[in-house]
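Subject: the structure I promised you

Hi,

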Amino acid sequence: MPQPRDDVRLMAGYHSPLVDVAVRLNVNESPWPPPAGWRHELAAAVASLDAHRYPDREATGLRRALGDLHGVGADQIFCANGSNEVIQSVLLAYGGHGRTAVVFDPTYELHAHIARITGTAVVRGERGLRFELDLGEVRRVAADALADVVFLCSPNNPTGRADTLDEISEVVSVAPGLVVVDEAYGQFAPQTALELLPGEERVVVLRTFSKTWSMAALRLGYLVGAPEIVAALERVALPYHLDALKQAAGRVAIAYQADMHRRVAAIVAERERLMGALGDLAVDLWPSDANFILFRPRTSDAGQVWQGLVDRSVLVRDVSTRPRLEGCLRVTVGTPEENDAFVAALKEVTK
Ligand code: PMP
């Protein structure tokens, strides 16, 4: 058999196990679909689609709508197939052989994973004791490594807390290259790095339609940043990588922004209720600014608890093999009924 590149051959994949259960709280999806109006408008857009023609290569309408949403020009928006493809495009343009990306563990594993796929060297720093950004460590790692790309994740997956704007600004002041702030869960958090953009040309912010917009199936994510950076990303993107259906789905969704914010508020309220219920069980908990909660069962090991939950038809994410997360699991906030089912199952498994 032909062999893939050595570094690819040795790479482990990155996926949550596929298990058939009733309550799926493992990949931070929204528990609710977008509103019926969105579905109807999208169906109409699909019905009038010119399927025999290539889609708008520059995704003009979608980028203009997103630019309006954030008060920036369409030339400051880069769209792709999920924010994972945005991350890949950033690394294709700003990483690659001879270049370095820096991450601070524990964090979203795909930043380092995609960096390695693109041949970018990865240097790993650590977050502080409570998983906050440790600026001494940032200074030591990002500056010493002459990082071409620094990844921050705010709110941080899987630990839950958002970085403050002061912390992010400090990172920008010590990191020599591009600072990517992954805000996949941005709408759940009290502040956003988008506020820093006008003065900080080296900062880019990533957003996705997969979580707060309830559109994980559509695969749409984007970056907000300086026009020069967006132009560089366009150079590495494949022609017509954004299909017409996706462009329409995103454009239509933006008109339903108020519904999205209502869902976010409902999830935040559920998160606080879930946090309270977990507080009565034998688990350690970390505060969250996102739609998930990191917890560590005190009575049995993470693998046993994960399996015990699966046996009761509840699926959460086992993150216990990640750096600094020994014994930890992560649960996505679901509907009230799903959360109740999770708490009841966890109570049995940890008693
Ligand atoms: N960034 C973070 C921090 C995430 O948690 C996820 C989803 N797990 C993504 C990016 C990717 O999201 P998508 O590709 O669905 O936009």
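**Starting with a tyrosine**

Tyr240 has a relative accessibility of 32%, which makes it partly exposed. Before I go on: this is a predicted model.

Tyr240 has a ring partner, Tyr54, and the two are stacked, with 4.1 Å from centre to centre and 15° between the planes. Tyr54 itself is exposed, at 63% relative accessible area. The structure holds 6 aromatic pairs. There is also an aromatic cluster made up of Phe209, Trp213 and Tyr222.

**The chain as a whole**

The protein chain has 12 helices and 13 strands. Its radius of gyration is 20 Å, close to the 20 Å that the globule rule gives for 351 residues, so the chain is as compact as a globular protein of that length. The C-alpha trace spans about 55 × 55 × 50 Å along its principal axes. Of the 351 residues, 54% count as buried. If you take the contacts with a separation of 6 or more, 73% of them are between residues 24 or more positions apart. The chain exposes about 15,400 Å², and 52% of that comes from carbon and sulfur atoms.

**The seven-stranded sheet**

An open sheet is built from 7 strands in the order β2-β8-β7-β6-β5-β3-β4, with mixed pairing. Which strands stand at the edges? They are β2 (77-80) and β4 (121-126); each has a single partner strand, so one side of each is left without a neighbour in the sheet. From one strand to the next, the twist averages 25°.

At the β2 end, β2 and β8 (residues 221-224) run antiparallel and are joined by 4 bridges. Ala80 has Gly221 in β8 as its bridge partner. Helix α3 (residues 60-70) packs on the sheet, where it touches β2, β7 (203-208) and β8; the direction of α3 makes about 125° with that of β2.

Strand β10 (residues 292-297) has 5 of its 6 residues buried, so it is largely enclosed by the rest of the structure. β10 forms a hairpin with β9, with 6 residues between them. Those two strands run antiparallel, joined by 3 bridges, with β9 covering residues 283-285. Asp284 has Arg296 in β10 as its bridge partner. β10 also pairs with β13 (residues 329-332), in the antiparallel sense over 4 bridges. There, Ile293 stands opposite Val331 in β13.

**Two residues in helices**

Is Asn339 buried or exposed? At 1% relative accessibility, Asn339 counts as buried. This residue is in helix α12 (residues 336-350). Beyond its neighbours within four places in sequence, Asn339 is in contact with Leu25, Glu270, Arg273, Leu274, Thr332, Val333 and Gly334.

Gln88, in helix α4 (residues 82-94), counts as partly exposed at 32% relative accessibility. Leaving aside neighbours within four places in sequence, Gln88 is in contact with Ile114 and Thr118. The C-alpha atoms of Gln88 and Ile114 are separated by 6.1 Å, although the residues are 26 apart along the chain.

**Backbone details to look at**

Here are a few spots in the loops, in case you want to check the backbone.

- Asp105 and Pro106 are joined by a cis peptide bond, with omega about -5°. Pro106 is in the loop between β3 (100-105) and α5 (109-117).
- The peptide bond from Asn157 to Pro158 is cis too, and omega is near 15°. You'll find Pro158 in the loop between β5 (149-153) and α7 (165-174).
- Asn28 is not a glycine but has a positive phi, near 60°. Asn28 is in the loop between β1 (23-24) and α2, and is buried, with a relative accessible area of 1%.
- Phe131 also has a positive phi without being a glycine, near 70°. Phe131 is in the loop between β4 and α6 (135-144), and is buried at 6% relative accessible area.

Cheers

Technical notes
Residues numbered from 1 in each chain as written. Predicted model: local features only at pLDDT ≥ 70, side-chain atom pairs only at ≥ 80, totals over all residues. Heavy atoms only, no water. Pairing = 2+ DSSP bridges. Axes fitted to C-alpha atoms, helices over the stretch in contact; angles between N-to-C directions. Contact = heavy atoms within 4.5 Å. Buried < 20%, exposed > 50% of the residue type's maximum accessible area, 1.4 Å probe, protein only. Rg over C-alpha atoms; globule rule 2.2 N^0.38 Å. Areas by Shrake-Rupley, 256 points an atom, 1.4 Å probe, with all protein chains shown as cover. Phe/Tyr/Trp six-rings, centres within 6.5 Å; stacked < 30°, edge-to-face > 60°.
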